[in-house]
Amino acid sequence: MGICVKLGIRLFLLVGCFASPIVAHAQWQAVEKVQTYAIAGTSGAELYESIGERGPGVGGKARAIAHTSFRLTWTRKYEPQGDACILASAQPKLIITYVLPKPSAQLPASTRRSWDTFIAGVHKHERVHGEMIKDMVREIEAASIGLSAANDPGCRKIRADLTQRLLEISNRQRQRARDFDKTELSDGGNLQQLVLGLVREQ
């Protein structure tokens with residue numbers, strides 16, 4: 001999840017039916033990791049310039065300040081019931097990775113204060129993306145477990161139905177993330193203010 005806009009200075013930033021009680025909802029927790037990439041400089045302006053040069057690529061066109069990605073796999077149990085098929089359980093395994101910049105040099109005290117404020121705000125922004133991803137997985141779980149398809153003894157129709165549902169849920173999550181970034185990056189938005197605070201060392 002990443003966006004690139006212009007501020008006057010460049011801002012690189014990011015980025016059926018349900019059966020009853022026979023189905024099971026297992027507990028799960030996302031694994032969240034933080035990775036860093038090294039940036040050069042000892043002033044706010046130098047650090048920001050280095051982010052523009054070394055930040056993670058977004059869509060092959062721009063570089064971001066930070067990025068949130070995830071890996072999601074499922075263990076599903078389909079059960080034929082007569083001529084029908086039911087999805088009795090769906091257990092997700094979710095790994096969320098936040099990629100953040102990290103200065104490679106010791107910073108002067110004034111720059112360190114600005115940097116700490118900046119990176120804390122950027123990390124908070126990416127954590128919101130992480131929560132959106134977890135919300136998506138919960139929505140997928142709710143739409144999956146107990147899903148049934150009639151006249152589907154081979155459990156084929158239900159898989160096609162589930163794939164379509166997951167696509168719709170995923171598209172909604174992506175749009176939600178884009179809308180959030182747009183607000184954060186708008187004039188006077190939180191991320192714009194974070195960048196200006198870093199560059200001006202406020």
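**Around the helices**

Modeller: Let's start with Tyr78: setting aside neighbours within four places in sequence, Tyr78 is in contact with Cys85, Ile86, Leu87, Cys155, Ile158, Arg159 and Leu162. Keep in mind that this is a predicted model. Tyr78 belongs to the largest nonpolar core, which has 22 residues, and together with Ile158 it has the most contacts inside that core. Who builds this core? At least two residues each come from β6 (67-81), β7 (84-103), α2 and α3 (157-185). The largest share is that of β7, with 6 residues. There's also a second, separate core of 19 residues, and among its members are Tyr37, Ile39, Val99 and Val122.

Now for the helices themselves. Two packed helices are described by the angle between their axes and the distance between those axes. For α2 and α3, the angle is about 160° and the axes are 10 Å apart. An angle over 145° counts as roughly antiparallel, so α2 and α3 are roughly antiparallel to each other. Their crossing is right-handed.

Which residues do the touching here? On the α2 side you'll find His125, Val128, His129, Met132, Ile133, Asp135, Met136, Glu139, Ile140, Ala143 and Ser144, and they meet Leu162, Arg165, Leu166, Ile169, Ser170, Arg172, Gln173, Arg176, Ala177, Phe180, Asp181 and Glu184 of α3. Sort the residues of this contact by class and you get 11 nonpolar, 5 polar and 7 charged.

Pick out Ser170, which lies in helix α3. Is Ser170 buried or exposed? Its relative accessibility is 17%, so Ser170 counts as buried, since the cut-off for buried is under 20%. Going from C-alpha to C-alpha, Ser170 and Ile140 are 8.7 Å apart in space, although 30 residues separate them in sequence.

Next, α2 has another partner. Helix α2 (residues 109-144) packs with helix α4 (residues 190-199), again at an angle of about 160°, and here the axes are 9 Å apart. That angle makes α2 roughly antiparallel to α4. This time the crossing is left-handed. The contact brings together Ser114, Trp115, Thr117, Phe118, Gly121, Val122 and His125 from α2 with Leu191, Leu194, Val195, Gly197 and Leu198 from α4. By class, the contact of α2 with α4 holds 7 nonpolar and 5 polar residues, with no charged ones. You've met two of these names already: His125 is also listed in the contact with α3, and Val122 is in the second core.

How much of α4 is covered? Mostly covered is the answer, with 7 of its 10 residues buried. Those buried residues are Leu191, Gln192, Leu194, Val195, Leu196, Gly197 and Leu198.

Let's finish just past the end of α4, at Glu201. This residue lies in the segment after α4, and it takes a positive phi of about 55°. Glu201 has a relative accessible area of 28%, so it is partly exposed. Leaving out residues up to four places away in sequence, Glu201 touches Ser43, Gly44, Ser110, Thr111 and Ser114. One of those, Ser114, also takes part in the contact of α2 with α4. And look at Gly44: Glu201 is 157 residues away from it in sequence, yet their C-alpha atoms are 5.9 Å apart in space.

Note on methods:
Residues are numbered from 1 along each chain as its sequence is written. This is a predicted model: local features need pLDDT of at least 70, side-chain atom pairs count only at pLDDT 80 or more; totals for chains, interfaces and linings use all residues. Side-chain values use heavy atoms; hydrogens and water are left out. Axes are lines fitted to C-alpha atoms, for helices over the stretch in contact, and angles run from 0 to 180 degrees between N-to-C directions. Helices (H or I, at least four residues) and strands (E, at least two) are DSSP runs, numbered from the N terminus. Angles under 35 degrees count as roughly parallel, over 145 as roughly antiparallel, 65 to 115 as roughly perpendicular and the rest as oblique. A crossing is left-handed if the near helix is turned anticlockwise from the far one by less than a right angle, and right-handed if clockwise. Contact means heavy atoms within 4.5 Å. Ala, Val, Leu, Ile, Met, Phe, Trp, Tyr, Cys and Pro count as nonpolar, Asp, Glu, Lys and Arg as charged, and the others, Gly among them, as polar. A nonpolar core is a set of buried Ala, Val, Leu, Ile, Met, Phe, Trp, Tyr and Cys residues joined through side-chain atoms within 4.5 Å. Buried means under 20% relative accessible area, exposed over 50%, partly exposed in between (1.4 Å probe, protein chains only).
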